[in-house]
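The following note sets out points for a colleague reading this model. Please consult the sequence and structure alongside the text.

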Amino acid sequence: MESEKVLLPLKPRGLLQSENLYQYILETNVYPREPEPLRELREVTASHPRATMAISPDAGQLIALILKLLNPKKTLEVGVFTGYSLLLTALSIPEDGNITAIDINRSAYEIGLPVIRKAGVEHKIDFIESPALPVLDRLSKEIGNEGSFDFAFVDADKPNHWNYHERVMKLLKVGGVVVYDNTLWGGSVAMSEEDTEEGKKEGRQIIIEFNKLLAADPRVQISQAPVGDGITICRRIF
Ligand code: SAM
Ligand code: CA
């Protein structure tokens with residue numbers, strides 16, 4: 001029955017029509033090709049009470065591919081948690097690449113840090129413990145930063161998604177790419193308010209509004225990819 005389907009939790013079936021199909025993708029294409037440090041980070045994150053905050057490995061695999069195509073040197077991450085997306089970025093960018101990684105709370109990052117160190121990529125990361133908005137504002141005021149970033153990944157507090165977008169548009173170079181996570185919000189964006197489970201209602205409204213604004217933003221070329229919880233890939237056009 002349709003109502004049963006929509007009430008199933010997002011994990012572990014992603015947004016696909018069946019859990020089996022999602023498992024098929026993970027087991028056939030994702031897990032066998034997942035770099036060992038990322039598998040380890042996923043394992044150390046699994047016991048965290050908020051483990052589902054980490055991006056899904058299938059979304060991570062697509063982001064890693066985009067990073068390899070872009071070969072970005074100057075990158076930004078907003079919302080680190082234990083560092084799955086951060087580590088995959090660090091593993092994918094060149095040896096002299098850099099990630100300015102911002103999170104309001106360092107404690108989860110500390111859990112992933114030993115794996116990041118073991119992978120030999122810590123030197124690429126500048127971790128800043130702070131609310132992200134003031135850091136992004138400070139970065140755009142610093143000489144040489146405006147229009148200079150090649151890539152950004154945004155996965156923090158969703159009410160600020162659009163505020164982050166406005167700042168990232170200043171920091172990103174023309175041709176640079178920003179990826180936003182959770183842009184399908186467990187599929188709830190296409191459900192009625194009443195069919196949406198209580199805990200998802202507020203986020204649903206925020207993401208619906210964000211998606212509308214993004215779709216109407218002439219500064220970016222966009223693609224909504226239904227991997228993980230939905231990611232939107234944006235390339236700055238001007
Ligand atoms: N990208 C991460 C990964 O792959 O594991 C998951 C990030 S998690 C969904 C969201 C993170 O955003 C949390 O670690 C939280 O501390 C952080 N956060 C929440 N509000 C924030 C804010 N105002 N500024 C910066 N970080 C914030
Ligand atoms: Ca997320």
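Which residues are the closest to ligand 1, and how many surround it?

1. Ligand site. Ligand 1 is surrounded by 19 residues, and the closest are Ala54, Gly79, Phe81, Ser85 and Asp157. A residue is near a molecule or strand here if its C-beta atom, placed from the backbone, lies within 6 Å of it. The shell around ligand 1 is made up of 12 nonpolar, 4 polar and 3 charged residues; Ala, Val, Leu, Ile, Met, Phe, Trp, Tyr, Cys and Pro count as nonpolar, Asp, Glu, Lys and Arg as charged, and the others, Gly among them, as polar. At least two residues of this shell come from each of α5 (84-92) and β2 (98-103).

2. Basis of the note. The model is predicted: local features need pLDDT of at least 70, side-chain atom pairs count only at pLDDT 80 or more, and totals for chains, interfaces and linings use all residues. Residues are numbered from 1 along each chain as its sequence is written, while chains are lettered from A and ligands numbered from 1 in the order in which they are written.

3. Helix α5. Of the 9 residues in α5, 8 are buried, namely Tyr84, Ser85, Leu86, Leu87, Leu88, Thr89, Ala90 and Ser92. Buried denotes 20 or more other C-beta atoms within 10 Å of the residue's own, exposed 12 or fewer, and partly exposed in between, with C-beta atoms placed from the backbone.

4. Strands β2 and β3. Strand β2 runs parallel to β3 (residues 125-129), and 5 bridges join them; strands pair if DSSP finds at least two bridges between them. Thr100 has Asp126 in β3 as its bridge partner. With helix α6 (residues 107-118), β2 and β3 form a right-handed β-α-β unit, that is, one whose path from the first strand over the helix to the second runs clockwise with the strands pointing away from the viewer.

5. Overall fold. The protein contains 9 helices and 7 strands, which are DSSP runs (helices H or I, at least four residues; strands E, at least two) numbered from the N terminus. Its C-alpha atoms fill a box of roughly 55 × 40 × 30 Å along the principal axes. Buried residues make up 41% of the 238 residues.

6. Gly199. The loop between β5 (172-181) and α9 (201-215) holds Gly199. Gly199 is exposed because 8 other C-beta atoms lie within 10 Å. Its C-alpha atom is separated by 36 Å from that of Ile93, 106 residues apart along the chain.
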